[in-house]
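The entries follow the order in which I checked things.

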Amino acid sequence: MDKTEYVMEAFGVSRRSAELVAEAEKAISDKFKELEEISEINQLKVMRAFSDNRVSERHFMPTTGYGYDDDGRDTLDKIYAQVFGAEDALVRHNWVNGSHTLATMLYGVLRPGDTLLAITGKPYDTLEEVIGIAGKEGNGSLKDFGINYEQIDLVDGEVDYNSVKRSLQSKKIRAVMIQRSKGYGWRPTYSAEKIGEIVSFVKGISPETICMVDNCYGEFADIKEPTDFGADLIAGSLIKNPGGGIAPTGGYIAGRRDLIELCSYRMTCVGIGRECGATLGFNRQAYQGLFMAPHTVLQAMKAATLCASVFSILGYETDPKPNDGRHDIIQSVKFGDKDKMIAFIQGIQKGAPVDSFVVPEPWDMPGYQDQVIMAAGAFVQGSSIELSADAPLREPYIAYMQGGLTYESAKLGITVAVDNILKIVQA
Ligand SMILES: *Cc1c(COP(=O)(O)O)cnc(C)c1O
């Protein structure tokens, strides 16, 4: 039995669907080579950093209590800094998610009277309450602490350079915020290099302005990170790319040494900073996760490219397109039809190793205007470096797929998703 027959028999997929996926896979073989090259360079960077820092068994030992002299923790900080081309970094399990890590970066650096300027449009949803443009007054948002916020929206997916220039010239802007990934929006994701150009533009007008980057979903998608190109601070989640599907929780911030120190005072408290923080056995998975990350990100990038290729052949608009440059792991597909989008999400669920027997349904998720349907079945709850897909039930019915610890398992999810849709089309 060959693999086409196996997927047909084991998962009830039609020959047509299995063959369509095989055809879509052939069409992107050159793209795969490009992605493999990026992954290999990133793997070499990680290997070099492990070697330079003499990683050994002792770095994996758990510490308790204050966690003074946790060499595993302090060495991991150095390794992240080296890999990301930064002066310094903080990597901690205590950060509960990406939002918490990003908030620490903002609170760490901004002071009363400062102005934060978002120059790639509205930041990620969860940061709205942190900034104070949503939520209750008095909760302790940046706004409550007298930090001003301004925003410049993208114009046709591009930074509105004229408005940014005007704003930087008209008053003192303490920090700008740049979001690398499109997240769950229909806009381009910026390459690390492009972010470098944006940073240079800002610094050319206002050298003192701190450039902070929400780096979520972007790590290891390019051979460089925004910090390699002069960004002052980047932050992200370990249950996305840099955790490699192994880290069970946590976040990181990397960048300029003086700013990392300020972030460390917000991470714990002023005066203590990074000196304390027991790691309780987290280190082994954090190291192994970073070691795996270039390869795991490659699996996810391949899965995203396959998804784009399959649905392009079927005539759907995808972002990015199969052969476009890719700077994060997210793939969006515009279905223009509610039932097809639901069929897609339900198919992706079949590629999950956990809860693959479950059929996702749309639900009223707190904090969202429209109903949302999600496919997820991960070893780490909510991990989106593992195969997952989300879609709000609104026109034009766009689904966002990301992750996949192995290309093969993600390919199964995509194959079942295609099969579900073809069944609707034929009915
Ligand atoms: C995932 C993500 C975040 C943080 O989300 P968490 O769920 O808190 O980890 C922030 N910004 C972007 C662009 C993201 O994709």
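The notes below go from the ligand site to the backbone, then to rings and helix ends.

**Ground rules.** I am working on a predicted model, in which local features need pLDDT of at least 70, side-chain atom pairs count only at pLDDT 80 or more, and totals for chains, interfaces and linings use all residues. Residues are numbered from 1 along each chain as its sequence is written, and side-chain values use heavy atoms, with hydrogens and water left out.

**Entry 1: ligand shell.** Which residues are around the ligand? I listed Asn97, Gly98, Ser99, Leu102, Tyr124, Gln179, Asp214, Cys216, Tyr217 and Lys240. My cut-off for near was a heavy atom within 4 Å. I then sorted the shell by class and got four nonpolar, four polar and two charged residues. For that sorting, Ala, Val, Leu, Ile, Met, Phe, Trp, Tyr, Cys and Pro count as nonpolar, Asp, Glu, Lys and Arg as charged, and the others, Gly among them, as polar. Which element gives the most to this shell? It is helix α5 (residues 98-109), with three residues. I take helices (H or I, at least four residues) and strands (E, at least two) as DSSP runs, numbered from the N terminus.

Entry 2: Asn97 places a polar side-chain atom 3.4 Å from a ligand oxygen. Gly98 uses a polar backbone atom, 2.8 Å from an oxygen of the ligand. Ser99 has a polar side-chain atom 2.4 Å from a ligand oxygen. How much of the ligand does the protein cover? The ligand has 390 Å² of accessible area on its own, and the protein covers 89% of it. Areas come from the Shrake-Rupley method with a 1.4 Å probe; for residues, only the protein chains shown count as cover.

**Entry 3: charges over rings.** My test was NZ of Lys or CZ of Arg within 6 Å of the ring centre and within 35 degrees of the ring normal. The charged end of Lys240 sits over the Tyr124 ring, 5.6 Å from its centre. Lys240 and Tyr124 are both in the list around the ligand. I also found Arg266 over the face of Tyr107, 4.2 Å from the ring centre.

**Entry 4: backbone exceptions.** Most residues other than glycine have a negative phi, and most peptide bonds are trans. I looked for departures. Asp319 and Pro320 are joined by a cis peptide bond, omega about -5°. Pro320 is in the loop between β8 (317-319) and β9 (331-334). The bond from Glu395 to Pro396 is also cis, with omega near -5°. Pro396 is in the loop between β11 (388-392) and β12 (398-402).

Next came positive phi. Arg54 has phi near 50° and lies in the loop between α3 (29-52) and α4 (71-83). Is Arg54 buried or exposed? Arg54 is exposed, at 66% relative accessible area. I use buried for under 20%, exposed for over 50% and partly exposed in between (1.4 Å probe, protein chains only). Asp355 has phi near 65° and lies in the loop between α11 (338-349) and β10 (372-376). Asp355 is partly exposed, at 35%.

**Entry 5: aromatic pairs.** How many aromatic pairs does the structure hold? I count 15. Rings of Phe, Tyr and Trp (its six-membered ring) pair with centres within 6.5 Å; planes under 30 degrees apart are stacked, over 60 edge-to-face, the rest tilted. Tyr80 and Phe84 are edge-to-face, 5.5 Å centre to centre with 80° between the planes. Tyr80 and Phe84 are buried. Tyr80, Phe84, Phe220 and Tyr252 form one aromatic cluster.

Tyr161 and Phe201 are also edge-to-face, at 4.7 Å and 70°. This pair links distant parts of the chain: Tyr161 in α7 (residues 161-170) and Phe201 in α8 (residues 192-205), 40 residues apart. Tyr161 is partly exposed at 24%, and Phe201 is partly exposed at 26%.

**Entry 6: helix details.** Thr75 lies in α4 and is buried, at 5% relative accessibility. A polar side-chain atom of Thr75 is 2.7 Å from the backbone oxygen of Asp71. At the start of α1 (residues 3-11), a side-chain oxygen of Asp2 comes within 3.2 Å of the backbone nitrogen of Thr4. Gly12 follows α1, with a positive phi near 65°.

How values were computed. A polar contact is a pair of N or O atoms within 3.5 Å; within protein, one must be able to donate a hydrogen and the other to accept it, and residues adjacent in sequence count only if both atoms are side-chain atoms.
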